[in-house]
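Visitor: I have a new structure open and I'd like to learn how to read it. Could you walk me through it?

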Amino acid sequence: MADKPVIYVLNGPNLNLLGMREPEIYGSDTLDDIAGRLEDRAQELGADVEVRQSNHEGHLIDWIHEAEADEAKAILLNAAGFTHSSVALHDAILAVSVPVIEVHLSNPHAREPFRRKSLVGEASYGTISGFGALSYLLALDAAMQL
Ligand code: DQA
């Protein structure tokens with residue numbers, strides 16, 4: 001039997017603090033809660049998810065390269081604050097053939113002006129934002145239909 005498709009779910013800085021970090025903006029779910037829901041949904045869809053978090057830009061870049069080497073079906077990327085500043089993440093997304101779906105819990109366009117620019121989004125296949133933890137599940141469903 002063929003291997004199941006793998007979806008990488010990469011999370012950037014401060015997302016390890018989900019649940020206690022500005023819950024009025026990001027909700028009360030922890031990243032582990034979200035990972036659990038993604039694993040359940042992936043199982044229903046016949047896929048595997050690889051959920052990771054780092055506060056370090058280079059780790060996220062290495063994992064994007066790893067997803068390519070691993071022939072991942074897609075990457076869901078919440079680059080958090082790096083979304084708005086990282087040329088290196090933008091370049092890493094362009095360097096791989098794996099489609100990247102940009103994910104955000106909040107809607108950055110409805111917040112401070114500096115969040116309206118997304119270097120990640122400019123290199124990504126598509127973006128899902130503003131639905132809280134549901135953004136990740138919507139992105140997983142979208143990834144499986146690519
Ligand atoms: C975020 C939005 C970013 O602007 C912010 O820096 C984050 C979280 C979100 O998921 O809503 O850290 O990516």
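Visitor: How many bridges join β4 to β5?

Guide: Two strands pair if DSSP finds at least two bridges between them. Here, β4 and β5 run parallel and are joined by four bridges. For instance, Glu102 stands opposite Thr127 in β5. A note before we go on: this is a predicted model, where local features need pLDDT of at least 70, side-chain atom pairs count only at pLDDT 80 or more, and totals for chains, interfaces and linings use all residues. Residues are numbered from 1 along each chain as its sequence is written, and side-chain values use heavy atoms, leaving out hydrogens and water.

Visitor: What counts as a strand or a helix?

Guide: They're DSSP runs numbered from the N terminus: helices are H or I with at least four residues, strands are E with at least two. Strand β3, residues 74-78, pairs with β4 in the parallel sense over three bridges, and Ile75 has Val100 in β4 as its bridge partner. Between β3 and β4 the chain passes through helix α4 (residues 87-95), and this β-α-β crossover is right-handed (with the strands pointing away from the viewer, the path from the first strand over the helix to the second runs clockwise).

Visitor: Is β4 buried or exposed?

Guide: Buried means under 20% relative accessible area, exposed over 50%, and partly exposed in between, with a 1.4 Å probe and protein chains only. In strand β4 (residues 100-104), five of the five residues are buried, so the strand is largely enclosed by the rest of the structure. Both faces are covered: Val100, Glu102 and His104 lie on one side, Ile101 and Val103 on the other.

Visitor: What touches Phe131?

Guide: Contact means heavy atoms within 4.5 Å. Leaving aside neighbours within four places in sequence, Phe131 is in contact with His104, Leu105 and Leu138. You'll find Phe131 in the loop between β5 (126-129) and α5 (134-144).

Visitor: And how are two packed helices described?

Guide: By the angle between their axes and the distance between the axes. The axes are lines fitted to C-alpha atoms, for helices over the stretch in contact, with angles from 0 to 180 degrees between N-to-C directions. Helix α3 (residues 57-69) packs with α4 at an angle of about 5°, their axes 9 Å apart. That makes α3 roughly parallel to α4 (under 35 degrees is roughly parallel, over 145 roughly antiparallel, 65 to 115 roughly perpendicular, and the rest oblique). Among the residues that meet are Leu60 and Ile64 in α3, and Leu89 and Ile93 in α4.
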